[in-house]
Amino acid sequence: MKLSLIFPFLFLICFTVKAQQNTPVNALNGTWVPVHQENGGIPMPKVTYAKQKLIIRDSSYTVIGENADGGKLKLLDNQMDWYSDEGVHMGKHYPGIYKLENDQLIICIDRAGKTQPELLNSQWDAHYFLSVYSREKKP
């Protein structure tokens with residue numbers, strides 16, 4: 001009798017963990033244009049990111065701009081891990097978090113590659129980088 005009560009509970013736990021590991025990224029698919037960026041809580045001049053674009057396709061990303069970059073994304077809940085395999089950041093891993101609301105994507109990463117930020121706020125650490133993106137509208 002006890003086993004029959006435990007089995008459904010274990011099944012539910014396994015299913016939940018599996019669902020979290022397979023967080024769909026297709027909601028993030030598209031081209032994103034930065035509208036605000038800051039490093040260590042200090043806003044960056046718009047001219048530094050005016051020509052940038054972030055393109056997300058499933059579990060891959062490409063950054064277009066002065067410092068081109070590309071690689072893989074791994075999502076779990078609100079965590080977003082960046083694994084660069086080409087460009088200026090090749091071979092680096094950047095732990096981060098994100099929030100998607102409508103057509104706005106907010107990302108905070110640790111450029112030192114050490115810790116997952118807990119808040120979407122870069123002022124807590126000089127290595128934290130915050131970027132706010134707007135989804136590019138199709139003509």
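Let me start with Glu-136 and Lys-53, whose side chains meet in a salt bridge with 2.6 Å from N to O. A salt bridge here is a side-chain nitrogen of Lys or Arg within 4 Å of a carboxyl oxygen of Asp or Glu. The pair links distant parts of the chain, 83 residues apart: Glu-136 is in the segment after strand 9 (128–135), and Lys-53 is in strand 3, residues 53–57.

Before going on, a word on the source. This is a predicted model, where local features need pLDDT of at least 70 and side-chain atom pairs count only at pLDDT 80 or more, while totals for chains, interfaces and linings use all residues. Residues are numbered from 1 along each chain as its sequence is written, and side-chain values use heavy atoms, with hydrogens and water left out.

Back to the first pair. How exposed is Glu-136? Glu-136 has 33% relative accessibility and counts as partly exposed. Lys-53 is also partly exposed, at 31%. The cut-offs are these: buried is under 20% relative accessible area, exposed is over 50%, and partly exposed is in between, using a 1.4 Å probe and protein chains only.

By the salt-bridge rule the count comes to four. In general, side chains of opposite charge can pair when their charged atoms come close. Another of these bridges joins Lys-99 and Glu-101, with the closest N and O atoms 3.1 Å apart. Lys-99 is partly exposed at 38%, and Glu-101 is partly exposed at 41%.

Next, Asp-103 and Lys-137, whose side chains meet in a salt bridge of 3.2 Å, N to O. This pair also links distant parts of the chain, 34 residues apart, with Asp-103 in the loop between strand 7 (93–101) and strand 8 (104–110), and Lys-137 in the segment after strand 9. Asp-103 is partly exposed, at 33%, whereas Lys-137 is exposed, at 60%. There is also a network of salt bridges here, linking Asp-103, Arg-135 and Lys-137.

Tyr-94 sits in strand 7 and counts as buried because its relative accessibility is 9%. Which residues does Tyr-94 contact, leaving aside its neighbours within four places in sequence? They are Met-80, Asp-81, Trp-82, His-89, Ile-109, Asp-110 and Arg-111, where contact means heavy atoms within 4.5 Å. With His-89 there is a polar contact between side chains, at 2.9 Å. A polar contact is a pair of N or O atoms within 3.5 Å; within protein, one must be able to donate a hydrogen and the other to accept it, and residues adjacent in sequence count only if both atoms are side-chain atoms. Tyr-94 and Gly-113 are 19 residues apart in sequence, and their C-alpha atoms are 4.7 Å apart in space.

The other one is Ser-84, in strand 6, residues 79–87. Ser-84 is buried, with 6% relative accessibility. Its side chain makes a polar contact of 2.6 Å with the side chain of Asp-69, and reaches the backbone oxygen of Gly-70 at 3.5 Å. Not counting residues up to four places away in sequence, Ser-84 touches several residues, among them Tyr-61, Gly-71, His-89, Met-90 and Lys-92.

Last, the backbone. Most residues other than glycine have a negative phi, and most peptide bonds are trans. Which way does the phi of Asp-58 go, positive or negative? Asp-58 has a positive phi of about 55°, although it is not a glycine. Asp-58 lies in the loop between strand 3 and strand 4 (60–64), and is partly exposed at 47%. Its C-alpha is 9.3 Å from that of Gly-30, and the two are 28 residues apart in sequence.

Asn-102 has a positive phi of about 55° as well, and is not a glycine. Asn-102 is in the loop between strand 7 and strand 8. With a relative accessible area of 73%, Asn-102 is exposed.

Note on methods:
Helices (H or I, at least four residues) and strands (E, at least two) are DSSP runs, numbered from the N terminus.
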